[in-house]
Amino acid sequence: MPEQRNKTHALSLAIRLTALLTIAVVASLFVTFLKPAGPPVQAQSVKTTVQQTVIGRDCLQCHRAIVNSFALDLHGKSAKFLKDSRAAKCEQCHENSDKHAETSTKTRSGGNVGNPGKLSGSEANKWCLDCHSGARTHFDWSGSKHDRKDMSCLSCHNLHHSTLLARMSANLTDMPESDAAELLNTKLPEKMLISFTVEETCLSCHKEQRKALYQRSTHFFRTENWMPTSKMQLVGSQPAGMKVNCVSCHNPHGGEGRKLLKASTTNLLCYQCHADKRGPLLWEHAPVRENCLTCHSPHGSNNVSLLTTRTHQLCQQCHIHMLWRHQTVAGFDIFTFNKGCVNCHSQVHGSNHPAGKALAR
């Protein structure tokens, strides 16, 4: 009996201790949840400090529009979210900028500040390649056609668009600076280009390709939203409406094939969109396998389907010996009727039909 009484007493004591501990834990949690949260003053101050560091507050005195817009573009955002050497700063591109900021006033510029736009192509590119050399699209820049011509990154890109910003910000003086900067950033050209669109940037040098915009068949497909650059500058619109542009086929920073193509050969590039022409096919057409450019003009043509010339004339360049096999009607051979050869030989890219040797089915 005494042993049983001791066990009962120990059990009741354990139950009481457990109940007390449970009450203590519940009370502590209750106090924690009911504790009022203080105002996020510290978090706000940290955010403000980071933002001021990102936009370059030492430059605000003279370059306010540029600095406010810089915080919203790609480089400015990298400075906000990255903490290592990849974070963009004014000092990375502009040498001596800290001394320039200390000695300059609104009316006097003190000290020379490095400006990549005033350097030669190879020297200016070093500033950009310090960060962008690791990008996959920039692997082939060294020795590329644009590099051999001593082109600078600033030949196509404009980081700050200072002239455009000054003209547009003059009409937004009644808006808060943060709202004005956000609005201006939406009106700047895409990818920090010198022109509003990729094609306008390329066509400023490659003028012989501009006619492709207006030819009968073209790769520069435009939608109803497309507008010329002159109108974009007037209305401050973002570029839109071009379904296929120059960088769909070319890599301006260096490509795998000739003419800065993204693929090693012309046919491999064309097959990325025109996969139905890839083959292999039962009956092949040799010129198709050699090079698509044997028959097609890639940028634009006044003939159908981007052909270099009219269909029957194109076929006769190789098949002139076949002319005698087709009867003449009223003095005209069959090559001159409508689509000419493709009236019968419709599968000019090849055929999988067992009886398609003549590419007729």
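The model is predicted, so local features need pLDDT of at least 70, side-chain atom pairs count only at pLDDT 80 or more, and totals for chains, interfaces and linings use all residues. Residues are numbered from 1 along each chain as its sequence is written, and side-chain values use heavy atoms, with hydrogens and water left out.

In soluble globular proteins, nonpolar side chains tend to be buried together. A nonpolar core here is a set of buried Ala, Val, Leu, Ile, Met, Phe, Trp, Tyr and Cys residues joined through side-chain atoms within 4.5 Å; buried means under 20% relative accessible area, exposed over 50%, and partly exposed in between (1.4 Å probe, protein chains only). The largest such core has 7 residues: L193, V198, L203, A212, L213, F220 and C246. Another core, of 6 residues, lies apart from it and includes L164, L165, M168 and F196.

L165 sits in helix α9; helices are DSSP runs (H or I) of at least four residues and strands are runs (E) of at least two, numbered from the N terminus. L165 counts as buried because its relative accessibility is 2%.

Now for the charges. Side chains of opposite charge can pair when their charged atoms come close. A salt bridge is a side-chain nitrogen of Lys or Arg within 4 Å of a carboxyl oxygen of Asp or Glu, and the structure holds 3 of them. One joins R210 to E200, with the closest N and O atoms 3.5 Å apart. This pair links distant parts of the chain, 10 residues apart: R210 is in the loop between α11 (198-203) and β1 (217-218), and E200 is in helix α11. E200 is buried because its relative accessible area is 16%, whereas R210, at 29%, is partly exposed. D276 and K277 form another bridge, at 2.6 Å between the closest N and O atoms. In the bridge between R289 and E284, the N to O distance is 2.7 Å.

Which residues gather in a patch of positive charge on the surface? They are K145, R148, K149, R258 and K259. Patch residues have over 30% relative accessible area and no salt bridge, with like charges joined within 9 Å and nonpolar side chains (Val, Leu, Ile, Met, Phe, Trp, Tyr) within 5 Å. K145 lies in helix α8 and is partly exposed at 36% relative accessibility.

How values were computed
Accessible areas come from the Shrake-Rupley method with a 1.4 Å probe; for residues, only the protein chains shown count as cover. Lys and Arg count as positive and Asp and Glu as negative; His and the chain ends are not counted. The place of a charge is taken as NZ of Lys, CZ of Arg, CG of Asp or CD of Glu.
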